[in-house]
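Please examine the packing of the helices and the confidence of the model shown below. A short report follows.

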Amino acid sequence: TTARRMLARQIHDPRLNELWELIASDLSRPWTLEEMADVANLSSEHLRRLCHATLHRSPMRHLTYLRMRHAAELLALSDMKIE
């Protein structure tokens with residue numbers, strides 16, 4: 001169906017992959033929704049819709065997820081302390 005093809009396109013949208021790779025390389029940057037949308041060449045609302053469709057969370061919530069995952073990796077794989 002058309003809806004299924006549209007969803008498949010959204011799930012594999014290379015703009016999102018490129019965006020999250022860039023963000024993952026610069027997690028300490030104070031990203032805003034508008035900056036993320038600009039990087040992905042999308043409107044803020046379209047980025048929000050794509051993220052909800054593919055990740056089941058907002059772009060800002062996914063940014064927080066990436067930061068927390070990175071922090072957990074640092075704690076698990078290094079001698080770094082929470083302080």
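In helix α3 (residues 33-40) of this predicted model, the buried residues are Met36, Ala37 and Ala40. Viewed down the axis of α3, these residues fall within an arc of 100°, so they line one face of the helix. Here buried means under 20% relative accessible area, exposed over 50%, and partly exposed in between, with a 1.4 Å probe and protein chains only. Helices are DSSP runs of H or I with at least four residues, numbered from the N terminus, and the arc is that of the directions from the helix axis to the C-beta atoms. The cover over the buried residues of α3 includes α2, α4 (44-55) and α5 (59-77). After α3 comes Asn41, whose phi is positive, near 60°.

Residues are numbered from 1 along each chain as its sequence is written. Because the model is predicted, local features need pLDDT of at least 70 and side-chain atom pairs count only at pLDDT 80 or more, whereas totals for chains, interfaces and linings use all residues; side-chain values use heavy atoms, with hydrogens and water left out.

Met36 belongs to helix α3 and counts as buried because its relative accessibility is 0%. Not counting residues up to four places away in sequence, Met36 touches Leu19, Trp20, Ile23, Trp31, Leu47, Pro59 and Met60, a contact being heavy atoms within 4.5 Å. The C-alpha atoms of Met36 and Ile23 are separated by 8.3 Å, and the two residues lie 13 residues apart along the chain.

Helix α2 (residues 14-24) has Leu16, Leu19, Trp20 and Ile23 as buried residues. They cover an arc of only 90° around the axis, which puts them on the same side of α2. The face turned away from this buried side carries the exposed residues Glu18 and Glu21.

| Helix | Buried residues | Arc |
|---|---|---|
| α2 (residues 14-24) | Leu16, Leu19, Trp20, Ile23 | 90° |
| α3 (residues 33-40) | Met36, Ala37, Ala40 | 100° |

Confidence is expressed as pLDDT, the predictor's confidence in each residue, from 0 to 100. The mean pLDDT of the protein is 87, and 87% of its residues reach 70 or more. Among the elements, helix α1 (residues 2-11) has the lowest mean pLDDT (50) and α3 the highest (97). Over residues 6-10 the pLDDT is below 50, and this stretch has four contacts in the model beyond near neighbours in sequence. Where pLDDT is low, the predicted coordinates should not be read in detail.

Conventions:
Helices (H or I, at least four residues) and strands (E, at least two) are DSSP runs, numbered from the N terminus.
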